[in-house]
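Let's take a walk through this structure together, strand by strand and then out along the chain. Please have your viewer open.

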Amino acid sequence: MMLLTVSNSTNSYLQFLTVLIIFVFVLGITWFFTRWMANLQKGRTYGANIEVIETYKITANKYIQIIKTGDKYLAIGIGKDTITMLAEIPAEQIHLPDKAGDTMPDFKKIFEKAKITDKDRKK
């Protein structure tokens with residue numbers, strides 16, 4: 001009777017380990033595919049005449065975007081079915097983000113920001 005208990009326990013651990021390995025494999029493939037698609041999309045829009053500089057979400061389906069078209073910067077309002085030009089912004093008033101920030105965020109940095117310390121738990 002004891003042999004059956006040990007066998008079932010070992011079988012459960014092997015099943016768990018197998019599912020865990022498959023999960024990590026699928027997660028890894030998803031991560032690589034997502035990065036590949038992001039680089040592919042970035043490559044298609046690089047050097048284009050229209051570039052989205054910044055997007056600010058107002059409500060669930062309304063946004064304000066700052067875009068660069070040629071040498072002009074424009075503020076546009078985007079709704080569900082409409083796009084409205086709000087204003088032209090002089091180039092000297094635009095604060096462009098660093099190009100180093102365009103890369104995908106590092107998971108380690110994300111986890112460090114999300115990590116709860118013992119001090120936070122006691123509060």
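Strand β1 (residues 50-59) pairs with β2 in the antiparallel sense over 8 bridges; two strands count as paired if DSSP finds at least two bridges between them. Helices (H or I, at least four residues) and strands (E, at least two) are DSSP runs, numbered from the N terminus. Within this pair, Glu 51 stands opposite Lys 68 in β2, and the two strands make a hairpin with 2 residues between them.

A word on the ground rules before we go on. This is a predicted model, in which local features need pLDDT of at least 70 and side-chain atom pairs count only at pLDDT 80 or more, while totals for chains, interfaces and linings use all residues. Residues are numbered from 1 along each chain as its sequence is written, and side-chain values use heavy atoms, with hydrogens and water left out.

Now follow the chain onward. Strand β2 (residues 62-69) pairs with β3 as well, in the antiparallel sense and over 7 bridges. Thr 69 has Lys 72 of β3 as its bridge partner. Here too there is a hairpin with 2 residues between the strands, and Gly 70 in the turn has a positive phi of about 65°. Next, β3 and strand β4 (residues 83-89) run antiparallel, joined by 6 bridges. In that pairing, Ala 75 stands opposite Ala 87 in β4, and the hairpin formed by β3 and β4 has 4 residues between them.

How covered is strand β3? Mostly: 5 of the 7 residues in β3 (residues 72-78) are buried, where buried means under 20% relative accessible area, exposed over 50%, and partly exposed in between (1.4 Å probe, protein chains only). Tyr 73 lies in this strand and is buried, with a relative accessible area of 8%. Leaving aside neighbours within four places in sequence, Tyr 73 is in contact (heavy atoms within 4.5 Å) with Ile 53, Ile 67, Lys 68, Ala 87, Glu 88, Ile 89, Ala 91, Ile 94 and Leu 96. One of these, Ile 94, is 21 residues from Tyr 73 in sequence and 8.1 Å away in space, C-alpha to C-alpha.

Phe 23 is found in helix α1 (residues 2-45) and is exposed, with a relative accessible area of 52%. Together with Phe 16, Leu 17, Leu 20, Ile 21, Val 24 and Leu 27, Phe 23 forms a nonpolar patch on the surface, with about 710 Å² of accessible area in total. Such patches are made of residues with over 30% relative accessible area and no salt bridge, with like charges joined within 9 Å and nonpolar side chains (Val, Leu, Ile, Met, Phe, Trp, Tyr) within 5 Å; a salt bridge is a side-chain nitrogen of Lys or Arg within 4 Å of a carboxyl oxygen of Asp or Glu. Areas come from the Shrake-Rupley method with a 1.4 Å probe, and for residues only the protein chains shown count as cover.

In an unreviewed entry, UniProt lists residues 12-34 as "transmembrane region"; its positions are given in the numbering used here, feature names are shortened, and annotations may be inferred rather than shown by experiment. In the model, that span is 100% helix and 0% strand, and its end C-alpha atoms lie 33 Å apart.

Finally, step back to the whole chain. The protein chain has 3 helices and 4 strands, running α-β-β-β-β-α-α from the N terminus on. Of its 123 residues, 9% count as buried. Among contacts between residues at least 6 apart in sequence, 9% join residues at least 24 apart. The accessible surface of the protein chain comes to about 11400 Å², and 63% of that belongs to carbon and sulfur atoms.
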